Amino acid sequence: MDTHGEVHVAAVLSPLGKVLGTESFPATAAGYRRLLVWAGKLGAVRRAGVEGTGTFGAGLSRYLLAQHVEVYEVNRPDRSARLLGKSDPLDAPAAARAVLSGHARARAKSGDGPVHSARMFKLAKDSAVKARTQAINQLKAVLVIADPALRSSCPVWVTVSCSAPARASARSTATTPGAMRRPWPRPPASP
């Protein structure tokens with residue numbers, strides 16, 4: 001299968017490598033079912049080669065694994081190997097040939113184990129930290145050019161954290177390692 005964000009192109013080969021059919025299917029749950037039904041009409045589906053099992057082909061790979069089809073990760077063809085250019089109807093049979101020849105040996109991951117769960121939590125955490133940092137930087141930029149009256153009405157933790165001289169003087173008077181890392185109080189917890 002040659003996978004993309006919206007459409008996947010599938011090719012079915014005979015055990016001798018003859019192309020029995022090539023077809024496009026939407027990258028949806030209904031499209032995955034239609035793909036497997038279509039391929040099943042051309043013969044028994046035991047193995048599948050999928051490009052991008054960790055990206056565009058992740059959903060398709062999980063579906064095929066749940067249907068007891070062996071799924072192999074297929075690398076995208078090298079540009080030098082593409083004698084006839086880039087074409088989905090050519091890339092899909094190439095993926096199938098990689099599985100049939102034994103060139104594609106890496107089994108696709110199921111994407112549902114503890115490592116995958118930990119990866120999702122880390123992704124969410126990293127995104128939250130990045131958003132927090134961006135929000136703080138935006139607030140600092142606004143307060144730097146804000147009217148002094150507005151700055152004085154802000155909570156202490158905002159104005160102290162936005163003032164480089166205040167941070168420097170707080171660091172020079174800090175005596176404990178924790179105080180040196182964070183010389184201003186944490187913001188109050190939201191309700």
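**View 1. Helix 2 and the residue that follows it.** In this predicted model, helix 2 is followed by H68, a residue whose phi is positive, near 65°. Within helix 2, the residues A58, L60, S61, Y63 and L64 are buried, and what covers the buried residues of this helix includes strand 1, helix 1, strand 3 and strand 4 (70–74). S61, which belongs to helix 2 (residues 58–66), has a relative accessibility of 0% and therefore counts as buried. The side chain of S61 reaches the backbone oxygen of G57, at 2.8 Å.

**View 2. The largest nonpolar core.** This core has 16 residues, and those that touch the most other members are M1, A10, L35, W38, V50, L60 and L64. Two or more residues of the core are given by each of strand 1 (7–13), helix 1, strand 3 (47–51) and helix 2, and the largest share, five residues, comes from helix 1. For L64, when residues up to four places away in sequence are not counted, the residues touched are M1, L36, A48, V50, V69 and V71. Apart from this core lies another, of six residues, among them A95, A98, V99 and A104.

**View 3. Two aromatic pairs.** The count of aromatic pairs in the model comes to two. In one of them, the rings of F25 and W38 have centres 5.5 Å apart and planes at 55°, so the pair is tilted. This pair links distant parts of the chain, since F25 is in strand 2 (residues 19–26) and W38 is in helix 1 (residues 29–42), 13 residues apart; both F25 and W38 are buried. In the pair formed by Y32 and Y63, the ring centres are 6.1 Å apart and the planes stand at 35°, so this pair is tilted as well. Here too distant parts of the chain are linked, with Y32 in helix 1 and Y63 in helix 2, 31 residues apart, and Y32 is buried, as is Y63.

**View 4. G31 in helix 1.** G31 has its place in helix 1 and, because its relative accessibility is 0%, counts as buried. Once the neighbours within four places in sequence are left aside, G31 is in contact with F25 and P26. The C-alpha atoms of G31 and V7 are separated by 8.7 Å, although the two residues are 24 residues apart along the chain.

View 5. Strand 1 and strand 2 run antiparallel and are joined by seven bridges, and V12 stands opposite G21 in strand 2. The hairpin has five residues between the strands, and G17 takes a positive phi near 95° in it. S14 lies in the loop between strand 1 and strand 2, and its relative accessibility of 14% is under the 20% limit, so S14 counts as buried. Leaving aside neighbours within four places in sequence, S14 is in contact with L20 and L100.

**View 6. The salt bridge in helix 4.** A search of the whole structure finds one salt bridge, in which the side chains of K122 and D126 meet at 2.7 Å, N to O. K122 and D126 are four residues apart in helix 4 (residues 114–145), so about one helical turn separates them. An α-helix has 3.6 residues a turn, so residues three or four places apart point the same way. With a relative accessible area of 36%, D126 is partly exposed, because this value falls between the limits of 20% for buried and 50% for exposed.

Note on methods:
Residues are numbered from 1 along each chain as its sequence is written. This is a predicted model: local features need pLDDT of at least 70, side-chain atom pairs count only at pLDDT 80 or more; totals for chains, interfaces and linings use all residues. Side-chain values use heavy atoms; hydrogens and water are left out. Buried means under 20% relative accessible area, exposed over 50%, partly exposed in between (1.4 Å probe, protein chains only). A polar contact is a pair of N or O atoms within 3.5 Å; within protein, one must be able to donate a hydrogen and the other to accept it, and residues adjacent in sequence count only if both atoms are side-chain atoms. A salt bridge is a side-chain nitrogen of Lys or Arg within 4 Å of a carboxyl oxygen of Asp or Glu. Rings of Phe, Tyr and Trp (its six-membered ring) pair if their centres lie within 6.5 Å; planes under 30 degrees apart count as stacked, over 60 as edge-to-face and the rest as tilted. A nonpolar core is a set of buried Ala, Val, Leu, Ile, Met, Phe, Trp, Tyr and Cys residues joined through side-chain atoms within 4.5 Å. Contact means heavy atoms within 4.5 Å. Two strands pair if DSSP finds at least two bridges between them.
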